[in-house]
Amino acid sequence: MTTRTADPRILPAIVDRWSPRSFDGQPVPAQDLATIFEAAGLAPSAFNFQPWRFLYAVKGDAHWDAFLDILIPFNQGWAASAGALVFIISTETSTAPDGTTSPLYSHSFDAGAAWALLALQATALGYQTHGMTGIDFDKARSVLGIPEGWRVEAATVIGKLDSADKLPDFLAAREHPGTRKPVAEVAVAGPFAALPA
């Protein structure tokens, strides 16, 4: 398996997190899921509004088949071996103490921060995650009963890593941590024009 190298000061869970497609099919225990969601809830958010919500199914439970069916067929094929399937949603408005609502500009940004902490906590507990937007968004809204004013952001699976040999050859060849762009390509001092072309 390809391994990543990074500055040794970077947290191991960050370096070790990647997006596999081969999982062992074991349900994620409720206690581990609770810890993972608690970590996600510690993400920063505008006004500490915490606009994210997580709707999940555990492998084999009463919701599993319906949740899996929301994914596009390609993703259903490999995600079926995960231990949990989570849909990440966020509210597009904030509500003041007096009940008035206003647009929440950062709701997707904040939900993304929560997803990142979810993935890192899962990695720290010995799991891997694979986030995706290969889902049927209309079906997600219908099946999950998501009301207006809430956005379906993405889905992720959580599970224990398994051998790449169980995957089709074209996926098995990709079953390793991906590379990342050098810092100099994504962070510069100055305006946008200072970024490399």
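The lining of the largest pocket comprises eight nonpolar, five polar and five charged residues (Ala, Val, Leu, Ile, Met, Phe, Trp, Tyr, Cys and Pro count as nonpolar, Asp, Glu, Lys and Arg as charged, and the others, Gly among them, as polar). The model is predicted: local features need pLDDT of at least 70, side-chain atom pairs count only at pLDDT 80 or more, and totals for chains, interfaces and linings use all residues. Residues are numbered from 1 along each chain as its sequence is written, and side-chain values use heavy atoms, with hydrogens and water left out.

Of the 18 residues lining this pocket, Arg 4, Thr 5, Ala 6, Val 15 and Arg 180 lie nearest its centre (a pocket is an open set of points on a 1 Å grid over the protein atoms alone, where a 1.4 Å probe fits, with protein on both sides within 12 Å along at least five of seven lines; lining residues have an atom within 4 Å of a point). The space in the largest pocket is about 470 Å³, taken as that filled by probe spheres set on the points, which are joined across faces, edges and corners.

Four antiparallel strands form an open sheet in the order β1-β2-β6-β5 (strands are DSSP runs of E, at least two residues, and helices of H or I, at least four, numbered from the N terminus; two strands pair if DSSP finds at least two bridges between them). Because β1 (52-58) and β5 (128-132) are edge strands with a single partner each, one side of each has no neighbour in the sheet. Seven bridges link β1 to the antiparallel β2 (residues 84-91), and Trp 52 has Ser 90 as its bridge partner in β2.

Helix α5 (residues 107-124) lies across β1, β2, β5 and β6 (150-159), at about 10 degrees to β6 (axes are lines fitted to C-alpha atoms, for helices over the stretch in contact, and angles run from 0 to 180 degrees between N-to-C directions; contact means heavy atoms within 4.5 Å). Helix α6 (residues 137-144) also packs on the sheet, touching β1, β2 and β6, with its direction at about 90 degrees to that of β6.
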